[in-house]
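Subject: Structure for you to look through

Hello,

Please find the structure below, with notes on what was found in it. Open it alongside the text and follow each part as you read.

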Amino acid sequence: LKSRGETIVMCHGVFDLLHPGHIRHFEAAKKHGTILVVTITADKYVNKGPGRPVFPQLLRAESVAALSSVDYVAVNDAPTAVNVIEKIKPDFYVKGSDYQDADKDVTKGIAAETKALRSAGGELIFTDEITFSSTSLLNSYFPVYPEEARGFLRHFSKSYGSEEIIKRMNQLKNLSVLVLGEAIVDEYYYCQAMGKSPKESIVSTRYMSQEAFPGGALAAANHLAGFVGNVHLVTGLGREESYKQFIKNHLKLNISTKFFHRNSPTIIKRRFVDPAFLTKMFEISYLDDSPLAADVEKSLVSYLDKTAPEYDIVFIADYGHGLIGGAAVDTLCSKSRFLAVNAQTNSANYGYNPITKYGKADYVCIDEAEMRLALRDKFSPLENLMKSLTAKSRVENLMVTRGHKGSMAYAPKEGLFYQTPVFSEKVVDRTGAGDAFFSVTAPCVSSGFPLDLVSFIGNAAGALAVTIVCNREAVEPPALYKFITALLK
């Protein structure tokens, strides 16, 4: 086409729901050249939250191709248009006027695309046609959520806008966080069931593949590192089979580390998983959950005593596997500027790792079942138990996660409760979702965000986390900001 003297114009986007604004945009773009190429984002890269895109990539491509102004359509298998700009080398790359303010581009994709365009010798142009929001139209006419969630979002959007929320969250970059908790390597062994063995009462499975993920405090540190500027991870490793290099390779660059070693392997949780639906068959844990040796504990406590006051937030991911003893708890409760705590209940520590072992905390994030177990109360109203926990453990801000029921926050000083519904429409894997919720919300609480806003942000982070296999990826700011923007349109 170029050799024949044609001028190539390119547009790129999701185009989930074609509307008059898109048609005007394509027609205006075509005026700058003779050939209009439109690339659309592949389904797996449409990062606008659960239920999006409403229309799959081939239907979206067909719809765009049906327009008379469009000459060619391609599905782009990448998160931005950088790769196709480099291949097509358009004379003009055309975006809508809503992309003209670079500060509002939360993904910073336009900056990367502009750089690629200049390298290819092209020019960036913005159209000034009538605009609509596909997301707003889809939210109105193709609702993903039940009425409870839609009603909540209608009410919530009157108090908070996405630009305000994103601006506040971007300020978290100035924070420094010390993370304390067990390093866990999560392994998924993907197996296919073949049937019952004819000679034994077992189900025989065929091994297919395996994958390892940074779990426990490692995953929490990675989530945090996307939102705050400086993360220091203090954790325990085994002297043998330490997985030290694996761990370093899977931590973000702005995470520094301090390792304490014990005479046992690093904790491994190996799950055998049916890959078809990520159904977990059973788990084998390699761990020693006895207390640290006296000399190691003394070194850990001494290090925390000196180091904890240097950080804006001390973030405790307590999985109850022996790393965090009473002396460490006492030190952190007295020396931390802002103490955020999650004490997890799991099959290895059931009943032995209650949140009540912490005498005070500025922020506690805990699952409802874990809180009920800690307070030995199965049936009382949730609000009564939250009041009891905040009084007993001197908790300044309390967040209770409730699975499919969403979350409930409680601010004792104001005596106010905030209930937020769940925003997840599709669940791929629940493993690590609670860690993502806690990691994203702790800096928000420390920065004085209202708890109703914190609960909303946490549920949005949790909705993204359950679409990720185990801890294969962290919840990143661009994805969260796009999701929040989509929710509030």
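A crossing of two helices is called left-handed if the near helix is turned anticlockwise from the far one by less than a right angle, and right-handed if clockwise. Helices (H or I, at least four residues) and strands (E, at least two) are DSSP runs, numbered from the N terminus. By that rule for handedness, α7 passes α16 in a right-handed crossing.

Two remarks on the source come next. This is a predicted model, in which local features need pLDDT of at least 70 and side-chain atom pairs count only at pLDDT 80 or more, while totals for chains, interfaces and linings use all residues. Residues are numbered from 1 along each chain as its sequence is written, and side-chain values use heavy atoms, with hydrogens and water left out.

Back to the helix pair. The axes of α7 (residues 162–170) and α16 (residues 477–487) come within 9 Å and cross at roughly 155°. Axes here are lines fitted to C-alpha atoms, for helices over the stretch in contact, and angles run from 0 to 180 degrees between N-to-C directions. The two helices are therefore roughly antiparallel to each other (over 145 degrees; under 35 is roughly parallel, 65 to 115 roughly perpendicular and the rest oblique). On α7 the contact (heavy atoms within 4.5 Å) is made by S162, I165, I166, M169 and N170, and on α16 by L480, Y481, I484 and T485. By class, this contact has six nonpolar, three polar and no charged residues. Ala, Val, Leu, Ile, Met, Phe, Trp, Tyr, Cys and Pro count as nonpolar, Asp, Glu, Lys and Arg as charged, and the others, Gly among them, as polar.

Next, helix α12 (residues 368–375). Seven of its eight residues are buried (under 20% relative accessible area; exposed is over 50%, and partly exposed is in between, with a 1.4 Å probe and protein chains only). The buried residues of α12 pack against β14 (339–343), β15 (363–367), α13 (382–392) and β16 (398–401). With α13, the axis of α12 comes within 11 Å and crosses at roughly 65°, and the crossing is left-handed. The residues of α12 in this contact are E368, M371, R372 and L375; those of α13 are L382, L385, M386, S388, L389 and K392. Sorted by class, they comprise six nonpolar, one polar and three charged residues.

Now the strands. Five of them form an open sheet with parallel pairing, in the order β3-β2-β1-β4-β5. Two strands pair if DSSP finds at least two bridges between them. β3 (72–76) and β5 (123–126) are the edge strands, each pairing on one side only. From one strand to the next, the twist averages 25°. Within this sheet, two bridges join β1 (residues 8–13) to β4 (residues 92–95), and V9 has F92 as its bridge partner in β4.

Elsewhere, β17 (residues 407–411) and β18 (residues 416–420) pair in the antiparallel sense over five bridges. M408 is partnered by Q419 of β18. These two strands form a hairpin with four residues between them, and G415 in the turn has a positive phi of about 70°.

Which residues other than glycine have a positive phi? F15 is one, with phi near 55°, and R394 is another, with phi near 50°. F15 lies in the loop between β1 and α1 (20–30) and counts as buried at 9% relative accessibility. R394 lies in the loop between α13 and β16 and is exposed, with a relative accessible area of 51%.

Regards
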